[in-house]
Amino acid sequence: MKAAVIRKYGKPDVLQVEEVQEPVLGSRDVKIAVSASSVNPVDFKTRSGKIFFISGLRFPKILGGDVAGRVLACGDAVQHLSPGDEVYGFSSAPTRGGAYAEVMCCKADRLAHKPVELSMSEAAAIPLAGSTAYQALYKQGELQPGMRVLITGATGGVGHFAVQLARAADCQVTGVCHSRNRSLAEELGCDEVIAYDEEDFRKRHGTYDLILDAAAKFGYGSCRPALTEKGIYVSTIPAPGIMLRHLWSRYASGRRGRFVSAHANTADLERMSRLVETGQLRPHIEHRFPLTGIADAHRLSETERVRGKIVIEIGE
Ligand SMILES: NC(=O)c1ccc[n+]([C@@H]2O[C@H](COP(=O)([O-])OP(=O)(O)OC[C@H]3O[C@@H](n4cnc5c(N)ncnc54)[C@H](OP(=O)(O)O)[C@@H]3O)[C@@H](O)[C@H]2O)c1
């Protein structure tokens, strides 16, 4: 099979498409003919070696977490999926990866049936970014209908799903993005858009019940004044300061700071599938690349200026 392989950490050109052996199926795994994957920032952070303490020093590696494709075979312990099923989900990008390939093995409990309303490419855009948005809002942010929710990076991978999820939960949604992305943020369903190059939302004191800093560019300390008295701030980056706040938030009763660490699971994917069915969730794909364009896809992702998602189209 063909796969994009790295043999050392480095710049995007360390990604080389090669002929390699198919992965071996474990008892809790599903072997998938990969139709599409998508690029997430964790992929270029892994490729560059920035998170080598998680991804390790064993090479070659096949990167890529997000997958949509058709099941070829199931391990003995797999119950909810069968050969021929169309699935989507994500493997742990830094530790296991494997999705930038024609065939991958992924743990079955990280997969769900692909929504029929979506193409394979659309489905591949959702898993990691969508799950991060879902878990940041519901698990860490304690999302409730009627909340005033502010989302930074509102047109990025995580943020554009978060806007739609918060809208679907009947929240009042403020999106923060660059002024050039204002119209997309409105189309996604923001009730209000604040362009960060025109206004500093952090000066709107006491306004938001929940701030999801999806872009992870603002920080708890500077966002705190914009929270209501019991408001929650959620970051997508586990920096030391927010990790301590996260632990402390269990005992705190006022404003709280937390972070999200996306956990792949069938139940959350199925919850998002239901929102796709009802037309409340849809990925925005800005760029599509073939597997041979993987280095260019990484270069683009590293600009941190992508609207929606970058998809890698691999098989049928
Ligand atoms: N903890 C987890 O489990 C987890 C999971 C997924 C992602 N993440 C992290 O979450 C972050 C976002 O991921 P993503 O997939 O949404 O990335 P992305 O698709 O590259 O989006 C990045 C967003 O950041 C905004 N941005 C860039 N520079 C900015 C600045 N200086 N000020 C304000 N906004 C800025 C961009 O919007 P504009 O173009 O409008 O500026 C864009 O919407 C990444 O750091 C990623 O590693 C964490």
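Let me start with a cut-off: a residue counts as buried when its relative accessible area is under 20%. Keep that in mind for the first residue I want to show you. One caution before that: this is a predicted model.

So, Ala 264. Is Ala 264 buried or exposed? Its relative accessible area is 5%. That is under the cut-off of 20%, so Ala 264 is buried.

Where does Ala 264 sit? Look in the loop that runs between β14, residues 256-259, and α9, residues 266-277. Which residues does Ala 264 touch, leaving out those up to four places away in sequence? They are Phe 90, Asp 109 and Arg 110. Ser 91 is worth a look too. Along the chain, Ser 91 and Ala 264 are 173 residues apart. Their C-alpha atoms are separated by 7.4 Å.

Now follow the chain into α9. This helix has 12 residues. At 1.5 Å a residue, α9 should span 16 Å. The C-alpha atoms at its ends are 16 Å apart, so the two values agree.

Which residues of α9 are buried? Here they are: Thr 266, Asp 268, Leu 269, Met 272, Ser 273, Leu 275 and Val 276. An α-helix has 3.6 residues a turn, so residues three or four places apart point the same way. And what covers these buried residues? The cover includes β6 (86-90), β8 (111-113), α4 and α5 (157-168).

Let's take α4, residues 127-140. The axes of α4 and α9 come within 10 Å. They cross at roughly 90°, so the two helices are roughly perpendicular to each other. From α4, the contact uses Pro 127, Gly 130, Ser 131, Tyr 134 and Gln 135. From α9, Asp 268, Leu 269, Arg 271 and Met 272 take part. By type, the residues of this contact divide into 4 nonpolar, 3 polar and 2 charged.

One more stop at this helix. Just after α9 comes Gly 279, with a positive phi of about 80°.

Now step back to the whole chain. How many helices and strands does the protein chain have? There are 10 helices and 16 strands. Of its 316 residues, 55% count as buried. The C-alpha atoms fill a box of roughly 55 × 40 × 40 Å, taken along the principal axes. A compact globule with 316 residues would have a radius of gyration near 20 Å. The protein chain has 19 Å, which agrees.

Last, the contacts. Take those with a separation of 6 or more: residues 24 or more positions apart account for 67% of them.

Key:
Residues numbered from 1 in each chain as written. Predicted model: local features only at pLDDT ≥ 70, side-chain atom pairs only at ≥ 80, totals over all residues. Heavy atoms only, no water. Helix = DSSP H or I, 4+ residues; strand = E, 2+ residues; numbered from the N terminus. Buried < 20%, exposed > 50% of the residue type's maximum accessible area, 1.4 Å probe, protein only. Contact = heavy atoms within 4.5 Å. Axes fitted to C-alpha atoms, helices over the stretch in contact; angles between N-to-C directions. Parallel < 35°, antiparallel > 145°, perpendicular 65-115°, else oblique. Nonpolar A, V, L, I, M, F, W, Y, C, P; charged D, E, K, R; others polar. Expected span 1.5 Å × (residues − 1). Rg over C-alpha atoms; globule rule 2.2 N^0.38 Å.
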